[in-house]
Structures are given as structure tokens and as C-alpha cells.
Amino acid sequence: MGVAGTQIAKDAADIILLDDNFASIVTAAKWGRNVYASIQKFLQFQLTVNIAAVVTALVGSFAYAKSPLAAIQLLWVNLIMDSLASLALASEPPTDELLERDPTNRSKSIIATRMWGNMLGQAMYQITVIMCLLFLGPEVFGFDPGHLVESDDGLYPADVSMGK
């Protein structure tokens, strides 16, 4: 206890209650578990988006010899996704259900097995939709494929050497 405790006890403690109120322990545990859960949600969201983006870039590169996503597009998506997701998850208040969970072991991975299943399942769904748009989109929606339009835009000659 912060007020009534000795200095030796304070030095040995991980948490010091400044107000000598045990309800503070419950509040601290609730907020700590909320932060942990928010970090897990953020990681799950970010890794799902990044798995889909990497697979899209790789498949598009192999199929068209050029990535359908430019590096600046990937950076912009990550910037927007990081900012909005972190704001949304950081503003989530703790609930009493967090106290009903078992304590988390420090040596346990922050990404649980269930999270891997969620990430891979959602990433597969996103990849399926993106691949359908990438390969079938021009036929279905009636526009020219991006890899053909970009290589023949008429603005630059097809065979221009740098510096020659």
C-alpha cells in the first residue's frame, strides 16, 4: 500500500497503490487487460490486411510481371489502416467481461491460435475477392486491363533508355 506501506515493500512491489484502495487493483487489471485485448485486435487487423496485400502483390507480379499495387499505394493503405485502426481500438473502454478471463501467461504468444485462424480465413476471403477483380474484373465490368493500359498509354515511347 502506497500510504501505509514501508519503503522496502514499495521497492519490492510491481504495483504501488497510491490511495490504499483495493478497488484500484481491479481498475488497473481491467485497463491492463483492455490494452492487451486492443493490441491483439490491432495485430489481427493489420496482419490480415498485410497478408492480403503481399499475396496480391506477389500473384499480380507473377501473372503480369508487374505488381498491381505500387509501393506508394501499399504505404498509403498501411498509413490509413494503422491510423484509423489504432484510433478506433485505443478509444474502446474496458468491460467487466475482461475480468472474467483467465490471466495471460507472459511467455504465451500475443497472437493466439484462434487469431491465426481468423486472420488466414479473412485474408483468404479478401484475396479471393481481389483476385476475381484483378483477373475477371475487366471482362465483367467492361474496362481495359490495367497492365495493358499502363504499358501502352501513348505518352512515352515504348523503348526509351535512361541517359541515351
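K30 and D96 form a salt bridge, with the closest N and O atoms 2.9 Å apart; the term stands for a side-chain nitrogen of Lys or Arg within 4 Å of a carboxyl oxygen of Asp or Glu. K30 sits in helix α2 and D96 in the loop between α3 and α4, so this pair ties together parts that are 66 residues apart in sequence. Helices here are DSSP runs of H or I with at least four residues, strands are runs of E with at least two, and both are numbered from the N terminus.

Before going on, some ground rules. This is a predicted model, in which local features need pLDDT of at least 70 and side-chain atom pairs count only at pLDDT 80 or more, while totals for chains, interfaces and linings use all residues. Residues are numbered from 1 along each chain as its sequence is written, and side-chain values use heavy atoms, with hydrogens and water left out.

Back to K30. Is K30 buried or exposed? K30 is buried, at a relative accessible area of 19%. Buried means under 20% relative accessible area, exposed means over 50%, and partly exposed is in between, using a 1.4 Å probe and protein chains only.

The structure holds 2 salt bridges. E92 forms one with K41, and there the closest N and O atoms are 2.6 Å apart. E92 lies in the loop between α3 and α4 and K41 in helix α2, so the pair ties together parts that are 51 residues apart in sequence. E92 is partly exposed at 28% relative accessibility, and K41 is partly exposed as well, at 36%.

E92 comes up again with N34. N34 is placed in helix α2 and is buried, with a relative accessible area of 5%. What does N34 touch, not counting residues up to four places away in sequence? The list is E92, P93, P94 and L98, where contact means heavy atoms within 4.5 Å.

Next, the other end of α2. A search of the whole structure finds 1 aromatic pair. Y64 and F135 form this pair, which is tilted, at 5.7 Å centre to centre and 40° between the planes. The criterion is that rings of Phe, Tyr and Trp (its six-membered ring) have centres within 6.5 Å; planes under 30 degrees apart are stacked, over 60 edge-to-face, and the rest tilted. Y64 is in helix α2 and F135 in helix α4, residues 113-141, so the pair ties together parts that are 71 residues apart in sequence.

A65 is in the loop between α2 (23-64) and α3 (71-90). A65 has a positive phi of about 60°, although it is not a glycine. A65 is exposed, with a relative accessible area of 71%.

Now the helix packing. α2 and α4 pack at an angle of about 35°, their axes 9 Å apart. Axes are lines fitted to C-alpha atoms, for helices over the stretch in contact, and angles run from 0 to 180 degrees between N-to-C directions. The residues of this contact divide into 18 nonpolar, 8 polar and no charged. Nonpolar covers Ala, Val, Leu, Ile, Met, Phe, Trp, Tyr, Cys and Pro, charged covers Asp, Glu, Lys and Arg, and polar the others, Gly among them.

Last, the chain as a whole. Buried residues make up 17% of the 164 residues. Of the contacts with a separation of 6 or more, 70% come from residues 24 or more positions apart.
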